[in-house]
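User: I would like to learn how to read a ligand site and a helix in a model of this kind. Could we work through one example together?

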Amino acid sequence: MRERAIARLTSEVLGGAREFLAGEGFVELLPVVLAPVTDPLRTVPDRIVVSAYGQEWHLTRSMIFHKQAAVRVLPKIFTFSPNIRLEAAERAQTGRHLFEFIQLDLEVRHATREEVMDLGERLIVHVLERVRERCAAELRALGRRLPRWAPPFPRVAWSAAVARYGEEFEAALSQESGTPVWVVDFPIHAREFYDREDPHRPGFLVDMDLVYPEGYGEALSGGEREYLRPRIEKRIRAQGLDPAAFAPYLALAEEGLYPSAGFGIGVERWIRFLGGLSHIQETRLFPRVPGWPVRL
Ligand code: ASN
């Protein structure tokens, strides 16, 4: 039964990720669901804001600001974070979008992009091998043959990917690639204000995405972070956003943030890839697909 196989595979992914990260010295934090400020995500303009106790609360779109706050307390943290992103209903057809999903979000104090890319490769291979080892029956039931990967994965600069495939390069890159592939050095306009601008290449960011092969699209996204208050404020303004809307985060930056780097992996997309599933709705017993009816 597919539902049962996918649920067991999910459990191995969560267990495998926890096992790997514990071995790397990470501490797991409990997630935040409601917050006074959340990820701006300009590509997803609609948001859910609720009023309670005389103030407004955002449903978490990502825990990016909380991750930067958390590495003030512990050097290596991760969390399985529920994210709500009100994607357009047309995105139901991509097979890759849920409007409620879980992201494995991690952050490392004083880390560089290179260090978290290396970590990401080892994490993904660890989980792939654990699933291969422990989910043979489930993979058979799903008709999935897993690939074998040997890091380091190839890299392509954002500008080279655009030159080859155009601005919507992700699908073609994913389709053509035989291994996961890194896309690095996004231009400043393409991402949110918290990714760090490269001090040696103004206008470009020290960030990255990892794209799955076989047409499954984005696996993870992250980078180094801006951490100095004046720079953060400048980046907020440059994107036409109002610094007042980010007051709690700017207050924290005023107290002092560490340099850090990290990334988030969409858990349901990971399961979709590992299970070879055509639509992400199969990854959840209670999926939230944009615009689609729900049973429970
Ligand atoms: N988790 C991502 C990061 O670490 C942010 C996001 O999900 N938008 O950069």
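User: How far is an oxygen atom of the ligand from an N or O atom in the side chain of Gln103?

Analyst: Bear in mind that this is a predicted model. A pair of N or O atoms counts as a polar contact when the two lie within 3.5 Å, and here the side chain of Gln103 places an N or O atom 2.9 Å from an oxygen atom of the ligand. Taken alone the ligand exposes 270 Å², of which the protein buries 91%.

User: Which residues are around the ligand?

Analyst: Among them are Asp39, Ser62, Asp105, Tyr194, Arg225 and Phe263. Lys67 also belongs to this group, and a polar atom of its side chain lies 2.8 Å from a ligand oxygen, while for Arg85 the corresponding distance from a polar side-chain atom to an oxygen atom of the ligand is 2.9 Å.

User: Turning to the helix, which residues of α5 are buried, and why are they on the same side?

Analyst: In general, an α-helix has 3.6 residues a turn, so residues three or four places apart point the same way. In α5, which spans residues 158-165, the buried residues are Trp158, Ala161 and Val162. They cover an arc of only 100° around the axis, which puts them on the same side of α5. On the other side of α5, Ala163 and Arg164 are exposed.

User: What covers the buried residues of α5, and which residue follows the helix?

Analyst: The cover includes the strands β7 (155-157) and β8 (181-184) together with helix α6 (169-176). After α5 comes Gly166, with a positive phi near 90°.

Technical notes. Residues are numbered from 1 along each chain as its sequence is written. This is a predicted model: local features need pLDDT of at least 70, side-chain atom pairs count only at pLDDT 80 or more; totals for chains, interfaces and linings use all residues. Side-chain values use heavy atoms; hydrogens and water are left out. Buried means under 20% relative accessible area, exposed over 50%, partly exposed in between (1.4 Å probe, protein chains only). Helices (H or I, at least four residues) and strands (E, at least two) are DSSP runs, numbered from the N terminus. The arc is that of the directions from the helix axis to the C-beta atoms. Contact means heavy atoms within 4.5 Å. A residue is near a molecule or strand if one of its heavy atoms lies within 4 Å of it. A polar contact is a pair of N or O atoms within 3.5 Å; within protein, one must be able to donate a hydrogen and the other to accept it, and residues adjacent in sequence count only if both atoms are side-chain atoms. Accessible areas come from the Shrake-Rupley method with a 1.4 Å probe; for residues, only the protein chains shown count as cover.
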